[in-house]
Amino acid sequence: MAAVFDFSGRIVLVTGGSGGIGNAIARAFRDGGAEVTVTGTRARSEYPADLSGMAFRQLDVANDTAVKALEADMPALDVLVNNAGTVVYRGREFELETFRKVLDVNLTGALHLANRFHDKLRYRHGTVVNIASLTSFFGARGNPAYGASKAAIVQLTKSLAVAWAPDGIRVNAIAPGWIETGMTQRIRENASLDAAILARTPLGRWGRPEDIAGVALFLASDLAGFVTGETIVADGGYSTGV
Ligand SMILES: NC(=O)c1ccc[n+]([C@@H]2O[C@H](COP(=O)([O-])OP(=O)(O)OC[C@H]3O[C@@H](n4cnc5c(N)ncnc54)[C@H](OP(=O)(O)O)[C@@H]3O)[C@@H](O)[C@H]2O)c1
């Protein structure tokens with residue numbers, strides 16, 4: 001993506017920036033001149049994605065000690081992108097242990113990161129971008145934990161926005177539609193699901209990770225200086241019609 005925003009001098013952290021949507025967001029900030037740190041759960045060498053020009057940290061967002069250590073190692077922060085997320089298929093999210101694990105990563109992890117970096121964000125009048133989902137609004141038949149976590153992200157975004165507005169911190173979210181990443185690979189490989197998604201999407205295609213990066217840059221930019229507590233849907237029109 002051509003750099004249309006100038007983030008020179010800004011420090012950006014993208015959790016789960018090692019692949020998929022997070023990596024597209026991280027690359028866009030990097031190309032806009034920001035100093036970017038991305039995280040992944042494995043070693044840097046295990047990721048095929050473009051991580052050049054970025055710092056890398058191994059992080060499980062559900063590991064409280066690791067989140068604390070990351071915050072201690074970063075001297076400042078302008079933009080926190082809470083992108084890390086997980087989903088468990090085959091009905092396993094109905095099991096209590098799996099339900100808790102998914103909530104821990106998708107919801108509690110996001111709150112913990114935001115809380116930990118609050119003071120640094122306040123110091124630089126920074127901003128938080130959370131990643132929600134269409135399952136924030138629609139029922140997720142086989143994924144009660146994923147859906148509940150993403151619905152809660154929308155509400156968490158509003159709560160942090162009103163709580164931290166006096167600190168000069170804006171908090172927003174993006175709800176992506178169907179995006180081509182590792183997370184949706186098994187859905188794209190199912191011909192009937194793939195066809196149903198394409199048929200319902202007015203723009204007639206799956207979203208690309210870069211489609212979400214543009215929205216993240218806008219929300220983090222000064223152009224969005226009066227936007228807080230908002231969740232922007234970026235879904236090619238999927239949720240607009242029937
Ligand atoms: N793709 C879609 O259609 C879609 C739609 C709506 C919302 N989203 C959301 O967009 C975000 C990015 O997903 P994606 O589609 O890009 O999927 P992805 O390619 O699977 O990326 C998920 C990222 O989250 C990281 N992650 C998973 N568990 C983690 C943990 N416990 N601690 C830290 N990082 C963890 C992964 O790191 P590792 O690679 O190391 O596991 C990976 O970098 C997620 O929040 C997802 O829910 C995706």
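**Exercise 1. A strand residue**

Which residues does T37 touch, not counting residues up to four places away in sequence?

*Solution.* Start with the model. The model is predicted, so local features need pLDDT of at least 70 and side-chain atom pairs count only at pLDDT 80 or more, while totals for chains, interfaces and linings use all residues. Residues are numbered from 1 along each chain as its sequence is written, and side-chain values use heavy atoms, with hydrogens and water left out.

Step 1. T37 sits in strand β2 (residues 35-40). Helices (H or I, at least four residues) and strands (E, at least two) are DSSP runs, numbered from the N terminus.

Step 2. Check burial. T37 is buried, with a relative accessible area of 11%. Buried means under 20% relative accessible area, exposed over 50%, and partly exposed in between (1.4 Å probe, protein chains only).

Step 3. List the partners. Contact means heavy atoms within 4.5 Å. Beyond residues up to four places away in sequence, T37 touches V12, L13, V14, A55, R57 and M74.

**Exercise 2. The nonpolar cores**

Find the residues that touch the most other members of the largest nonpolar core.

*Solution.* Step 1. A nonpolar core is a set of buried Ala, Val, Leu, Ile, Met, Phe, Trp, Tyr and Cys residues joined through side-chain atoms within 4.5 Å.

Step 1. The largest core has 33 residues, and L13, L77, L80 and F117 touch the most other members. At least two residues of this core come from each of β1 (11-14), α2 (64-73), α3 (96-116), α5 (144-164) and β6 (170-176).

Step 2. Note the other core. A second, separate core holds 31 residues, including F7, I21, M54 and F56.

**Exercise 3. The ligand site**

Describe the shell around the ligand and the listed polar contacts.

*Solution.* Step 1. Take the shell. It has 28 residues, and the closest are T41, Y47, N83, Y146 and T181. A residue counts as near if one of its heavy atoms lies within 4 Å of the molecule.

Step 1. Sort by type. The shell divides into 13 nonpolar, twelve polar and three charged residues. Here Ala, Val, Leu, Ile, Met, Phe, Trp, Tyr, Cys and Pro count as nonpolar, Asp, Glu, Lys and Arg as charged, and the others, Gly among them, as polar.

Step 2. Take the polar contacts. A polar contact is a pair of N or O atoms within 3.5 Å; within protein, one must be able to donate a hydrogen and the other to accept it, and residues adjacent in sequence count only if both atoms are side-chain atoms. A polar backbone atom of N83 is 2.7 Å from a ligand oxygen. For G85, a backbone N or O atom lies 3.3 Å from an oxygen of the ligand. Y146 uses a polar side-chain atom, 2.5 Å from a ligand oxygen.

Step 3. Alone, the ligand exposes 890 Å², and the protein buries 87% of that. These areas come from the Shrake-Rupley method with a 1.4 Å probe; for residues, only the protein chains shown count as cover. The elements giving two or more residues to the shell are α1 (20-31) and α5.

**Exercise 4. Positive phi**

Is R90 buried or exposed?

*Solution.* Step 1. Locate R90. It lies in the loop between β4 and α3.

Step 1. Check accessibility. R90 counts as exposed, at 71% relative accessibility.

Step 2. Phi of H125 is near 50 degrees, and H125 is exposed at 60% relative accessible area.
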